[in-house]
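Please keep the sequence and the model in view while reading.

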There are 2 protein chains.
Amino acid sequence: MKLSTTVLACAALVFGMSAVVSAEGPAPEASPIYGVTLPDGYRDWTLISVAHEAGMNNDIRAILGNEIAVKAFRDGRRPFPDGTIIVRLAWQFQSSPRNDKVFPAPQSFVAGPPTNVQVSVKDSRRYAASGGWGYGQFENGMANPNAALIQACFTCHAKLRALDAKADLVFTSYSQ
Amino acid sequence: MKLSTTVLACAALVFGMSAVVSAEGPAPEASPIYGVTLPDGYRDWTLISVAHEAGMNNDIRAILGNEIAVKAFRDGRRPFPDGTIIVRLAWQFQSSPRNDKVFPAPQSFVAGPPTNVQVSVKDSRRYAASGGWGYGQFENGMANPNAALIQACFTCHAKLRALDAKADLVFTSYSQ
């Protein structure tokens, strides 16, 4: 039972499935397990990099960071210092028929409606049990209340340890 | 002759071909035709949106804006006010075998090495002959000196007029 819950949660994360908000009321401001909130002003933070996830996600994404995060990325500092906050925004990956009329072939893909925002907060003491990172996922500014979904953040990020021990559980590299 | 030069230049722009710096010396700081320079601090500007150009470009890109640009995008103000500066960064579109080992299928694409940075500056008087916009393209921090390439910026952006008259020659929309 525990295994299938984990598999479901991991699938939800990887495939971008959204949990249904319960009928008990609006989602809380903070994520389950970690108590991570959507940082004020994050939308104006510095860009770290961009990415595209195909498959079930089919999104295009931008990764932003607060000042501590940006400095660590630029300095190549690992592990990331406490206070690092990384915000991943994602939007539906959509072709642009308008742009394609300008370009010589169907080739232009742009950001459609937003899907969700994921936040990673480094606090090596508070989040010692999850490699120093706390996680949250937000839709329309509200924390996703699905604990199994949020638990799966660490499950997936932790897989990086074996592949890239120096990454400190962070998928993103800084793009000049 | 003029037509073929334009076609070549447009192809260079659309296909992301880089002009070879002449043997006369380093590229100037400012773009030909428009005198556009790489703005100080642009790498920390606010993200407007992201995109992927497939085909010959095969890049993934981020569009950043200065404060005037961001306010105009968020307020839906068109045409953009003078002082608007939009910076488009692009990187090679690369699959990530490392990430794909974490995800359930080959699906992860990330930003590789940078290709070029394109800058659009709104100055309705100075650039009246090109719809109010001046353009520049930069590689490794240096302005691309190819005048035909830079001329093609307006050629392509101007095609938006017939498709989307309210866009003020700007392809990008703001992503929440």
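Rings of Phe, Tyr and Trp (its six-membered ring) are taken to pair if their centres lie within 6.5 Å; a pair with planes under 30 degrees apart counts as stacked, one with planes over 60 degrees apart as edge-to-face, and the rest as tilted. By this rule the structure holds 12 aromatic pairs over all chains. This is a predicted model, in which local features need pLDDT of at least 70 and side-chain atom pairs count only at pLDDT 80 or more, while totals for chains, interfaces and linings use all residues. Residues are numbered from 1 along each chain as its sequence is written, chains are lettered from A and ligands numbered from 1 in the order in which they are written, and side-chain values use heavy atoms, with hydrogens and water left out.

One of the aromatic pairs joins A:F80 and A:W133, whose ring centres are 5.8 Å apart and whose planes stand at 70°, an edge-to-face arrangement. Helices (H or I, at least four residues) and strands (E, at least two) are here DSSP runs, numbered from the N terminus. In these terms A:F80 belongs to the loop between α2 (67-75) and β3 (85-95) of chain A, whereas A:W133 belongs to strand β5 (residues 133-139) of that chain, so the pair ties together parts that are 53 residues apart in sequence. Both A:F80 and A:W133 are buried, a class that means under 20% relative accessible area, with exposed meaning over 50% and partly exposed lying in between (1.4 Å probe, protein chains only).

A second pair is found in chain B. The ring centres of B:F93 and B:F109 are 4.8 Å apart and their planes lie at 5°, so this pair is stacked. Because B:F93 sits in strand β3 (residues 85-95) of chain B and B:F109 in strand β4 (residues 108-122) of chain B, the pair ties together parts that are 16 residues apart in sequence. B:F93 counts as buried at 14% relative accessibility, while B:F109, at 23%, counts as partly exposed. In chain A, ring pairs also link A:Y34, A:Y127 and A:Y135 into a cluster.

The next subject is the interface between the chains. The size of an interface is often given as the accessible area lost when the parts come together. Here buried area is the accessible area (1.4 Å probe) that two parts lose on being put together, summed over both. Chain B and chain A bury about 3900 Å² between them, and 58% of this is on carbon and sulfur atoms. On the side of chain B, the residues that lose the most area to chain A are B:R43, B:R98 and B:V102, together 18% of what that side buries. The contact, for which heavy atoms must lie within 4.5 Å, takes 45 residues from chain B and 45 residues from chain A.

Polar links across this interface can be counted as well. A polar contact is a pair of N or O atoms within 3.5 Å; within protein, one must be able to donate a hydrogen and the other to accept it, and residues adjacent in sequence count only if both atoms are side-chain atoms. Between chain B and chain A there are 26 residue pairs in polar contact, both residues being at pLDDT 80 or more. Among the elements that give two or more residues to the side of chain B that touches chain A are α1 (2-15), β2 (59-65) and α3 (97-102) of chain B. The element that gives the most to that side is β1(B), with 8 residues.

A salt bridge places a side-chain nitrogen of Lys or Arg within 4 Å of a carboxyl oxygen of Asp or Glu. The structure holds 10 salt bridges over all chains, and 4 are found across the interface of chain B and chain A. One salt bridge joins A:D164 to B:R98, with the closest N and O atoms 2.8 Å apart. Another joins the side chains of A:R98 and B:D164, at 2.8 Å from N to O. This pair crosses between chains, from A:R98 in helix α3 (residues 97-102) of chain A to B:D164 in the segment after α5 of chain B. A:R98 is partly exposed, with a relative accessible area of 21%, and B:D164 is partly exposed at 25%.

Salt bridges also occur within helices. In chain A, A:D75 and A:K71 form one with the closest N and O atoms 2.6 Å apart. These two residues are 4 residues apart in helix α2 of chain A, which means that about one helical turn separates A:D75 from A:K71. Both A:D75 and A:K71 are exposed. In chain B, B:D75 and B:K71 form a salt bridge with the closest N and O atoms 2.7 Å apart. B:D75 and B:K71 both lie in helix α2 (residues 67-75) of chain B, 4 residues apart, about one turn of the helix. B:K71 counts as exposed at 55% relative accessibility.
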